[in-house]
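Here's a quick tour for anyone meeting this structure for the first time. Have a look at it, then read on.

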Amino acid sequence: MKLLYEMESNVVIICCVATLFCLCCAEEVKLTVRGATSIAKTDEDFICATLDWWPETKCNYNQCPWGKAGILNLDLENKVLANAIKAFSPLRIRIGGSLQDQVVYDVGTLVPKCPHFKRSDGGLFGFSKGCLQMERWDLINKFFDETGAKMTFGLNALIGRKKARAGDSLMVGKWDPKNAYDLIKYTASKGYKIDSYELGNELCGSGVSARIEAEQYGKDIIVLKKLVQELHPDPATRPKVLGPAGFYDKQWFDTFLETSGPNVVDGLTHHIYNLGAGVDPALINKVQDPNFLDQISQTYSDISSSIKLHGPWSGAWVGEAGGAYNSGGKYVSHSFVDGFCWLFAPFCSALLWHRLMGTNVLSASHIGSPYLRAYSHCSKQTKGISVLLINMSNSTTFDVLVEDDTKSYNQEYSSANQREEYHLKPKDGNILSDVLLLNGVPLKLTATFDIPVMNPQLVSAALPIKIDPDSIVFAVLKGFKAPACA
């Protein structure tokens, strides 16, 4: 009995040691980056944001989170906001959203009154019509000029239309462009720089609160194109024309492109809220499920197909994306974990992307866990490549060895050089935290409200990149020879 007890004790001790060892070990992953050719290309201003029209009374799920964030009451003198925008140099900002198709512009003779948004059961999205005064428009353009932001402005596409019948969301009739014409004419006369005009918001397909048939929408955007060409005769400074700014519907989008015809729609814009409603109790699970998140890739593929077959002169744009609709999830959308779905939700991770990831996209693949997501671009400010690694696992550490498909990187370079690494983690390991740590240090505004310095840690390039559970890592590999980046 004594011998058996001792043997059992030894087994227990051995098992405990083995368990502790496994907790300390990491899963090794080989990440292959193919740098011979790029597989895609992004714009220089790939990072973008939307300023919506919502007033303070916009509420969902017993919360009213908008406060004074709407474009009509936003503090345009806010230094933190200005510095955040300047940090991207440039940041594309779209002014638009749900209420844009109820906004009239206080210019010209068409608008006898300039109303304020009010709660209204009979209005779209529960609000009455609102108005943009030219004094406010002047201030908005001054703010954009001072911060160097690029503006995409969403125009009201419902002026001149009426409901097809009571209880039906279909709107019929031609778009009346007079109010938009007066606004664009005023804007051009002031010398304000508008990068692009977008017609309507979420009126395509089955719509959200209202919808327009694709053929009519295509005819209307031709009118907008001609209007922009008339008021901006110089092609070098002419704003682009975008649409339809809604959820992808293949038949609708194809008909829209076919009707509008060649060289009318410069950017085919669509919206993504693949996480569903912000009130969904499963939201926290969705944002951590790689298989669920991968489903949206089919939409990108379908839109690319529509453009290739029906509008090769256009480009695929994501005009609005927030993960969860109706102001997001109360505890999820503003936290670290939302970066698993939308890397650009946390400000500093979006800024790192902007600074480190170039426009040429490279193939990056591994055969490891789906909870390790990997991306690679040509580096933006140096030779070599940058990689982004997202560890969605809450328990597994990954040791990632980056190699090219010829294996020459590790043989010729890595043992004699260092790479830059930026490790992002939530405070106290809590994925619902809104405090972000960079290489273990909390990122906070300076005493003068400036964006904090974000320096990398230098690591021997011969070592694998260590990605802790629930973390995001950017790495810059300067010696990685990628012909696509030459």
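## Charges

The protein carries 48 positive and 51 negative side chains, and the centres of those two sets sit 4 Å apart. Here Lys and Arg count as positive and Asp and Glu as negative, with His and the chain ends not counted. The place of a charge is NZ of Lys, CZ of Arg, CG of Asp or CD of Glu.

## What you're looking at

This is a predicted model, where local features need pLDDT of at least 70 and side-chain atom pairs need pLDDT 80 or more, while totals for chains, interfaces and linings use all residues. Residues are numbered from 1 along each chain as its sequence is written, and side-chain values use heavy atoms, leaving out hydrogens and water.

## Overall build

Of the 486 residues, 49% count as buried, meaning under 20% relative accessible area with a 1.4 Å probe, protein chains only. Take contacts (heavy atoms within 4.5 Å) between residues at least 6 apart in sequence: 74% of them join residues at least 24 apart.

## A look at Ser-349

Is Ser-349 buried or exposed? Ser-349 is buried, with a relative accessible area of 1%. This residue belongs to helix H11, which covers residues 347-356. Setting aside residues up to four places away in sequence, Ser-349 touches Leu-343, Leu-424, Leu-436 and Phe-474.

Note on methods
Buried means under 20% relative accessible area, exposed over 50%, partly exposed in between (1.4 Å probe, protein chains only). Helices (H or I, at least four residues) and strands (E, at least two) are DSSP runs, numbered from the N terminus.
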